[in-house]
Amino acid sequence: MTGLAVDDAAWASAWRRRAPGDKVLLCGGLVVAALVLPAWPGSVLVGIVAVVLAVGPARVPVRTFGRAVRWPLAFVLTGAVTAVVEIGPGGPGWAPDAAARAGSLLGHALAGSAAVLLLATTTPMSDLLPALRRARVPAAVVDVAAVVYRLLFVLLDSMRTIREAQTARMGHSSLRRSYRSSGALAAAVLTRSWDRAHRMQEGLAGRGMDTGLRVLPEALPSSRAFLAATVAGLAAVVAASVVLA
Amino acid sequence: MHIAEGFLPAGHAAGWTIAAAPFVVHGARAVVKEVRENPESTMLLGAAGAFTFVLSAIKLPSVTGSSSHPTGTGPGAILFRPPVMALLGTVVLLFQALLLAHGGLTTLGANAFAFAVVGPWAGYGAYRLARAAGAGLLPAVFAAVALADLATYVTTSLQLALAFPDAESGFAGALLKFLGVFAVTQIPLAIGEGLLGVLLFRVLTVNARPELERLGVLKPAPLATTGGAA
């Protein structure tokens, strides 16, 4: 357990051992399809495919997937309602095609979010970072991103522990105390992150690793059957959208 | 609150990605140069990125009784400078998209422009101006952190207004709508994040003075004279 539900789901997913490139092709294709196809029926089909694949063959818990969608949903609902309100001479009112436009925005955003979540809940970040290296992102940048990924769980754990201790000591019993505790919490997390960084650096230097973080990448072979099914499935989604539209 | 996946039309998503790219590439070059000269910087930069992610997860109490989350880029802009924050902010956004479903991949460029470019630069500019005008560290930190937060949401409103202009009042009307929803409501939260920044730096000046001196935020304290010859 890492403490982030999406990351936990990714490590436990039935698709964890699939090649990251295969999953990037599938989810990237679904993301693009959700963006460029008409909301009806394109986005609806993409959303259905992403959810069915996640809770079906990838065995992502329905609860995890559903809870993760809440984050984008709050923004999408607020943004869509704001976008379809018109400011006329008589004040604000609904645009004539408000329902259709709001539905289209909701469809594109929720289908796209479901496609990104399919990738997020089946592929840990540590599998995706080597793909960035293959995409010619400088090694130093990928190394920094890898350290961010590994440290953030340690720091999130520290944050929860410190906050729990502060709460037990009435540190969040009033607005004033809560602000003071939050400031102390942020400072403690920052100084701990520096301390961790120094200790990790000393440990790595002691092992002679002073020119990049070389690790043995896990061999996750690509599947031709998966790639063929991905291409066929994406083509079917596009064809069905064109025909039904 | 970042722009969700699929919310921006394809042309706008691509345009903002192109707009953010030079800043992120410049940040990446700064990081590569720093790591080449000081290999130990990898860990410190990674720690800075992880701190930004975690800072954005701290629940900030709100006067309305609810809570919100800081953007977290203001303190980073003061401590590590905006070019580095352009890269670290983009990495944090990528992680937020893939670990929290917060933001998206096609909207990464637009979110990076607001969160990792405009926010840190606005905050750092306010910090430098305040310091040049003779303000102390803590008032300058308040201005920087609050402005970094607010500038991020003003930019997000601008991006949404460009993508969805009002049928009657055009871009100006749409900007008013989105500013009203995403930026005006953010003012008390920006003040709250500014206060959090002040409290953070007040603790750091006591507990982490050597690090602040090394990062150039504080001038090294003059050595105490002993009064006797060695």
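For chain A, the unreviewed UniProt entry lists residues 30–56, 68–85, 105–125, 137–156 and 225–244 under "transmembrane region"; positions follow the numbering used here, feature names are shortened, and such annotations may be inferred rather than shown by experiment. The model you are looking at is predicted, with local features needing pLDDT of at least 70, side-chain atom pairs counting only at pLDDT 80 or more, and totals for chains, interfaces and linings using all residues. Residues are numbered from 1 along each chain as its sequence is written, while chains are lettered from A and ligands numbered from 1 in the order in which they are written.

Let's follow two of those spans. Residues 225–244 of chain A are 100% helix and 0% strand, with end C-alpha atoms 28 Å apart. Residues 30–56 of chain A are 89% helix and 0% strand, and there the end C-alpha atoms lie 17 Å apart. Helices (H or I, at least four residues) and strands (E, at least two) are DSSP runs, numbered from the N terminus.

Chain A also has a hairpin: E1(A) and E2(A) have 2 residues between them. Strand E1 (residues 85–88) and strand E2 (residues 91–94) of chain A pair in the antiparallel sense over 4 bridges, where pairing asks that DSSP find at least two bridges between the strands. Within this pairing, Glu86(A) has Gly93(A) of E2(A) as its bridge partner.

Now step back to the domains, whose bounds come from an automatic or database assignment. Chain A has domain 1 (5–129 + 224–244) and domain 2 (136–206), and their centres, taken over C-alpha atoms, are 32 Å apart.
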